[in-house]
Amino acid sequence: MIHIAIAEDHVSLSDGLKLFLEQDNDIKVMFTVPSGKEMLLKLERMRPEVILTDISMPEMNGVELCQRIKKEYPRTKVLALSMFENEGAVRDMIDAGVDGYMLKSSPLTELKKAIFTIADGKNYYDNELKFNIKDLKLFSSRKQLLSRSEKEILKLVAQGKTNQEIADFRGTAVSTIIKHRKNMMQKLDLHGKGELLQYAIQEHGHY
């Protein structure tokens, strides 16, 4: 039996999901909560194998919740259940370590399939998503290679700042910024300032 918990701020939806899922004898919904913070409190005492979470919630959103779960309970599987089908939302959840992503508009039978798939240790992404999940996962895995300083510098690159401006902002030498940029390009397999800027804008949406 797969034990599930649901984080969803619309009570009618979480109640409906619970009613549907428990029609299957192999699924047990342990509890439902309306926020990410309440989910973390519950997890101190109860350990479901799979957590369904909305992305947009009060107090703590689904991205933050997924990050915390993967850090504190790495064996727990997380399935995002959201109305957002844009690339940025999916990428944020992938970066957070999500095991699957489903749209609320998809059939409930597909949701059940997603639950069994991620409980088995595999990933599951909604067929209605109109972009390449493999590319997003590669993008995410590359980003994990960067150090904290490099990630901070990347944000400033996305804002169009020069090496001198970044150095002044961080209180360091220009040569240090240049070295960081070279290291980032090597780690991300990028070639030239233009590709680094494009990557930075794609990641942070500034400039």
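1. Before the helix pair, a word on terms: axes here are lines fitted to C-alpha atoms, for helices over the stretch in contact, with angles running from 0 to 180 degrees between N-to-C directions. Helices (H or I, at least four residues) and strands (E, at least two) are DSSP runs, numbered from the N terminus. This is a predicted model, so local features need pLDDT of at least 70 and side-chain atom pairs count only at pLDDT 80 or more, while totals for chains, interfaces and linings use all residues. Residues are numbered from 1 along each chain as its sequence is written, and side-chain values use heavy atoms, with hydrogens and water left out.

2. Now the pair itself. The axes of helix H8 (residues 163-170) and helix H9 (residues 174-188) come within 8 Å and cross at roughly 110°. In contact terms (heavy atoms within 4.5 Å), H8 brings Asn163, Gln164, Ile166, Ala167 and Arg170, and H9 answers with Val174, Ile177, Ile178 and Arg181.

3. On to the sheet: six strands make an open one, ordered S2-S1-S3-S4-S5-S6, with parallel pairing (two strands pair if DSSP finds at least two bridges between them). S2 (27-33) and S6 (124-125) are the edge strands with a single partner each, so one side of each has no neighbour in the sheet.

4. S1 and S3 pair over four bridges, and Ala7 sits opposite Thr53 in S3. S3 and S4 also pair over four bridges, with Lys77 in S4 as the bridge partner of Val50.

5. Finally, the packing. A nonpolar core is a set of buried Ala, Val, Leu, Ile, Met, Phe, Trp, Tyr and Cys residues joined through side-chain atoms within 4.5 Å. The largest has 28 residues, and Met39, Leu43, Leu65, Ile69, Met93, Val98 and Tyr101 touch the most other members. H4 gives this core its largest share, five residues. Leaving aside residues up to four places away in sequence, Ile69 touches Leu40, Leu43, Ile51, Pro74, Thr76 and Val78.

Notes: Buried < 20%, exposed > 50% of the residue type's maximum accessible area, 1.4 Å probe, protein only.
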